[in-house]
Amino acid sequence: MRLRYGVPFAQQFTLLAVLPLIIAVAVIAGVVANQSNILAAREVRALEAQILNAKRDELSNYVSIARSAFENFYARKATSDSRAKLEVTRLLAAMLVDQDSYFFVFDYDGQNLVASRTSGLMGRNRLGFRSDEAPEITQKLIEIAQNGGGYHSFKWPRPVTGEAGEMVVYVNGLQEWGWVVGTGVFLNDIKTQIASAEAEIAGRITRTSFYILTIATAALLAVFGSGLFLNLRERRVTDAKLKQLTQRIVDTQEEERGRVARELHDSISQMLVGVRYALELARRRLSLGDERASESLDKGISSLGSAIQEVRRISRDLRPGVLDDLGLGPAIQALIEEFESRTGIKSDFETVVFRGRLDREGRIALYRIAQEALTNIDRHSEATAINITLRGTRNGALMRISDNGKGMDWPQPAKATGGLGMRNMQERLEQLGGTLKVKSEPGGGTTIEALVPLSHMLAPENTAKDKA
């Protein structure tokens, strides 16, 4: 049967069925593009605020580290003020944050004591100095320092290029000397990062639009098949699950990266900066013939040893090699020994050989649960002794962790915040089909039982390939 213009009825019917889908896809693409632009703008603003806060924290840390370096001169009463001030100005003049950032010092009368070698401010009075958009910069910084310290932003020439750029500084006051001590950083790099983020987001929007077009084309082709509606429904369900899984993976990766970054910044970075300052102080003392040079060297060596231990701890936390090489029991034994050595909490570990062997997922889950539980005990329980047992049962592999601490409210109230560690333990076991039980009363200690089911126990013939 053919209608007018020779177009088959089946094709006309198909086109009529596809037309609403085309319109719907076009509307969805427009809505998605609009929402993507809105979310992109929010994401850029959030990223800018996050980077700015990180820069501010970094400046505060630099000033704190510098102050700790000259605190002996500032607090020592035996040394005259003039000698101590001279030593402090020399120390700060030698410290550089980067090629554009440096420590500056001036007194509450505006007399400049320490500044960049290229700024031409050394020995001059800064009162009355103005930038393009921030009049009376020096007076403002003096007020901030007198009130305990803080941040200020203004435009200032860059020492290397001489071009004016947006700058944020952190200042602190030495009230007994009437000094303003601070450092700053230019925000040009932040603008570069924001521009890069905007470009990346624009690329994601383009790729999203491309994906929408591809999915629409596939849907249009699927209309000609007999299983159009079933295929579309199944695809939507699959896509939703895949997006959830992908998002969960991305969130987990970002969380782990953020934790490692914080570990490196808060511990390793600070330790290495302390080593550097200790060595620089030792070098200066050696050049002056000061007998205390050995003390500075000893301090630097001690800090370097602490940094090495911290790197080993971070590496072990990320993935303990003993878990893969020797199995779950030795890995937990090593974890407990390190915990007892670090915290002083008496720790006992009991285990028996399993008839079967745990697979890789089961081993990792129980190890991470033990790791999280020990962290919670150290932070919250005020316990003096713990006991961990690991054994096989008719239901699977059972790990019991008990302490004699102050206990906790369990189950937690619905409005309670926190509990992320307990939730992580529970989610790990739920993914394996296991169970987590917590027994605790205020003042009565806490017991955690984690059970990995038999489905994750390997058959005897597989134990040689995958040790528990």
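This is a predicted model: local features need pLDDT of at least 70, side-chain atom pairs count only at pLDDT 80 or more; totals for chains, interfaces and linings use all residues.
View 1. Tyr-151 has a relative accessible area of 29% and is partly exposed, because a residue counts as buried only under 20% and as exposed only over 50%. Over the face of the Tyr-151 ring lies Arg-56, at 5.1 Å from the ring centre.

**View 2. The tilted pair of Tyr-151 and Tyr-170.** A search of the whole structure finds three aromatic pairs, and in one of them the ring centres of Tyr-151 and Tyr-170 are 4.9 Å apart, with the planes at 55°, so that this pair is tilted. Tyr-151 belongs to strand β3 and Tyr-170 to strand β4, so the pair ties together parts that are 19 residues apart in sequence. Tyr-170 is buried, with a relative accessible area of 12%.

**View 3. The edge-to-face pair of Trp-177 and Trp-179.** These two rings, Trp-177 and Trp-179, lie 4.9 Å centre to centre with 70° between the planes, and both residues are buried.

**View 4. The open sheet of five strands.** The strands follow the order β2-β1-β5-β4-β3 with antiparallel pairing, and the edge strands, β2 (112-114) and β3 (150-157), each pair on one side only. Neighbouring strands of this sheet are turned against each other by 35° on average, direction ignored. Strand β4 (residues 164-174) pairs with strand β5 (residues 179-186) over eight bridges in the antiparallel sense, and Gly-173 has Val-180 in β5 as its bridge partner.

**View 5. Helix α3 across the strands.** Helix α3, which covers residues 137-146, lies across β1 (103-107), β3, β4 and β5, and runs at about 165° to β3.

Conventions
Residues are numbered from 1 along each chain as its sequence is written. Side-chain values use heavy atoms; hydrogens and water are left out. Two strands pair if DSSP finds at least two bridges between them. Helices (H or I, at least four residues) and strands (E, at least two) are DSSP runs, numbered from the N terminus. Axes are lines fitted to C-alpha atoms, for helices over the stretch in contact, and angles run from 0 to 180 degrees between N-to-C directions. Contact means heavy atoms within 4.5 Å. Rings of Phe, Tyr and Trp (its six-membered ring) pair if their centres lie within 6.5 Å; planes under 30 degrees apart count as stacked, over 60 as edge-to-face and the rest as tilted. Buried means under 20% relative accessible area, exposed over 50%, partly exposed in between (1.4 Å probe, protein chains only). A charge sits over a ring if NZ of Lys or CZ of Arg is within 6 Å of the ring centre and within 35 degrees of the ring normal.
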